[in-house]
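Here is a short report on one protein chain. Look at the fold before you read on.

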Amino acid sequence: MLRIPWTTKKTNERVLNEANKRRSLVRTIRKRQATFLGHVMRRGKLEHLVTTGKFEGKRSRGRQREKIMDGLSTWLGPGKVSDILADVKDRDLWRDMIANAYKQGT
């Protein structure tokens, strides 16, 4: 620990810079989401229908919630959701895409 007293007014970013650390929680979450998405899409069951939005029902009022596919499409790089769903079918390609996105740290 850096032993920074709570009375010093330092931001989290400044403390991370002093400790030579990077934020990694968001990257780890996105990686796990992408891995889970690969399993779900190759399996093709109920989770596949829900994730792709082909599940019938009424939408609730208000602002639409962010979908898993929206977050992953920005994390994995520019591309359409349909292209990503096609890439999921090839397991080796999908693993390489996840590894490259994780290394880049986006």
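The report goes from the overall fold to single side chains.

**Confidence**

This is a predicted model. The mean pLDDT of the protein chain is 79. In all, 85% of its residues reach 70 or more. Among the elements, helix α1 (residues 12-18) has the highest mean pLDDT, 88. Helix α3 (residues 46-52) has the lowest, 70. Where pLDDT is low, the predicted coordinates should not be read in detail.

**Overall fold**

How many helices and strands does the protein chain have? It has six helices and zero strands. Read along the sequence, the pattern is α-α-α-α-α-α.

Now turn to contacts between residues at least 6 apart in sequence. Of these, 52% join residues at least 24 apart.

Next comes the surface. The protein chain exposes about 9100 Å². Carbon and sulfur atoms supply 52% of that area. Buried residues make up 19% of the 106 residues.

**Helix α4**

Helix α4 covers residues 68-76. Which of its residues are buried? They are M69, G71, L72, S73, W75 and L76. An α-helix has 3.6 residues a turn, so residues three or four places apart point the same way. After α4 comes G77. The phi of G77 is positive, near 115 degrees.

**Charged side chains**

The structure holds one salt bridge. K10 forms this bridge with E18. Their closest N and O atoms are 3.0 Å apart.

Two other charged side chains involve a ring. The charged end of R27 sits over the ring of Y102. The charged end of K31 also sits over the ring of Y102. The table gives each distance.

| Charged residue | Ring | Distance from charged end to ring centre |
|---|---|---|
| R27 | Y102 | 4.5 Å |
| K31 | Y102 | 4.8 Å |

What about rings paired with rings? The structure holds zero aromatic pairs.

**In brief**

The predicted chain has six helices and zero strands. One salt bridge is present, and it joins K10 to E18.

Conventions:
Residues numbered from 1 in each chain as written. Predicted model: local features only at pLDDT ≥ 70, side-chain atom pairs only at ≥ 80, totals over all residues. Heavy atoms only, no water. Buried < 20%, exposed > 50% of the residue type's maximum accessible area, 1.4 Å probe, protein only. Helix = DSSP H or I, 4+ residues; strand = E, 2+ residues; numbered from the N terminus. Salt bridge = Lys/Arg side-chain N within 4 Å of Asp/Glu carboxyl O. Contact = heavy atoms within 4.5 Å. Areas by Shrake-Rupley, 256 points an atom, 1.4 Å probe, with all protein chains shown as cover. Phe/Tyr/Trp six-rings, centres within 6.5 Å; stacked < 30°, edge-to-face > 60°. Lys NZ or Arg CZ within 6 Å of the ring centre and 35° of its normal. pLDDT = per-residue confidence, 0-100.
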